[in-house]
Amino acid sequence: MKNIVGQAARSTNFWGRPYELADIWEAIDNGSHILLCAPRRVGKTSIMYKIVDEPKANYIPIYIDTESADSEAEFWSKVFNALMEEDFIASLKTKAKNFMDQIKNINVRSITMEGVEFGDGDKLNHKQAFYRLIKDLDHDKKLIIMIDEFAQTIENIIKYEESKNAISLLKAHRELRQDQKFSQKVTFIYAGSIGLESVVSKIDAGSIGLESVVSKIDAIKHINDLNNIKVPPLTFPEAEQFTIALFKSAEIKINKTDIDHLLHTIHWLIPFYIQLITQEIKKICRRGQKLDQTVIDQAIQNALDNRNHFESWQSKLKTALGNNEYLFCKEVLNAISNQKEINLLDIMNIASKHDLNDSEAKDCLHSLIYDGYINNNDNNKTYQFNSPILRMWWNKNVAN
Ligand SMILES: Nc1ncnc2c1ncn2[C@@H]1O[C@H](COP(=O)(O)OP(=O)(O)OP(=O)(O)O)[C@@H](O)[C@H]1O
Ligand SMILES: [Mg+2]
């Protein structure tokens, strides 16, 4: 197992996650469509690749990242292109020969906002075109279509196209999922680092009045049939085993006390932070220092200098939120990074400073919790960072 830092972990570098994989396969077997939820860097994409690399019999998984799609048409193009891509079609040879023969001969001329035009002149809307593509799938086989960064795509469409296109895409997917014949052939897994629910509930939030409330409820209705599966951080024993495996492959001796110190300091035990800090420990030890707690503390400080690993936590807030909401969230996070925690009363004072009412402030807090920045697990009126590593980075680079 190599110490992968940054890219999704694949094949022998993928570690563990037996429970999450079992949850997902059970939901697929039961015919559900899935929303895979976890904050950034927890390991969603790696889990999806594991499903692609080791599918159960009679399932044909395909992974599609739609993050760069800014319109409904671009989203569908990505999906159609992935299904008609040479490598994918070639992989069908051993899995679904009939389907491969049919799909190979389908020619898509263009994909626009209105729909899809096929080489034979057939013009269909996106949903019908999707049907045409998968209708010849062998009856005992099922496609697992994994759409990564789906919430980001919806957010892009709201921003660069229009809310109504986002609704239209959500609606088309809901209709496909509700169709029994379709659901026998296809399972969708939607994933992403930002909460689909919070993006969807923001649709039309700009307008005032009854319509916006109704459209908010309406929008959520388009995704409430999904089976939500959470990807949590590793448990302490899992993280311990993972750390032992990493240090073994790095050929560095680490004792139990040092592992405890490392994991207690990381606290929010996602594989990514363990790998990031292990990489820094390796660099220090390579230069002749003997591994002890001072080395671990130094490695953590060194890890914080990797701006590119953390900056998205800040830039994401900037692009996703309005000006006042961003300044509010930033000030709350600054305060927690200085004092380690903050109570609800102080949060509400910061909100009024930025002209946000109670419900707007609570929506922001909810997004910060959902997207993995903070929690109020110890006491529901006190908030702290999930990850001391992120807290230290925020404190050093944003707050001061
Ligand atoms: N099961 C795993 N085994 C080994 N390493 C892992 C595993 N899951 C995650 N990682 C580590 O965490 C990092 C992030 O993983 P991944 O890209 O899968 O997360 P993500 O939740 O999709 O992140 P993002 O929200 O940024 O897209 C990887 O670079 C790898 O270092
Ligand atoms: Mg990912």
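The shell around ligand 1 is made up of nine nonpolar, eight polar and five charged residues, where Ala, Val, Leu, Ile, Met, Phe, Trp, Tyr, Cys and Pro count as nonpolar, Asp, Glu, Lys and Arg as charged, and the others, Gly among them, as polar. The model is predicted, so local features need pLDDT of at least 70 and side-chain atom pairs count only at pLDDT 80 or more, whereas totals for chains, interfaces and linings use all residues. Residues are numbered from 1 along each chain as its sequence is written, and side-chain values use heavy atoms, without hydrogens and water.

**Surroundings of ligand 1**
- Ligand 1 is surrounded by 22 residues, the closest being I4, Q7, S46, S193 and Q275, with a residue taken as near if one of its heavy atoms lies within 4 Å.
- Because domain 1 (11–230) and domain 2 (236–303) both give residues to this shell, ligand 1 lies between them; the bounds come from an automatic or database domain assignment.

**Polar contacts and burial**
- Oxygen atoms of ligand 1 lie 2.6 Å from a side-chain N or O atom of S46, 2.7 Å from one of T45 and 2.9 Å from a polar side-chain atom of R41; a polar contact here is a pair of N or O atoms within 3.5 Å.
- The protein buries 95% of the 630 Å² that ligand 1 exposes when taken alone, by the Shrake-Rupley method with a 1.4 Å probe.

**Confidence**
- The protein chain averages a pLDDT of 88, and 96% of the residues score at least 70, pLDDT being the predictor's confidence in each residue, from 0 to 100.
- Over residues 205–214 pLDDT stays under 50.
- Where pLDDT is low, the predicted coordinates should not be read in detail.

Notes. Chains are lettered from A and ligands numbered from 1 in the order in which they are written. A polar contact is a pair of N or O atoms within 3.5 Å; within protein, one must be able to donate a hydrogen and the other to accept it, and residues adjacent in sequence count only if both atoms are side-chain atoms. Contact means heavy atoms within 4.5 Å.
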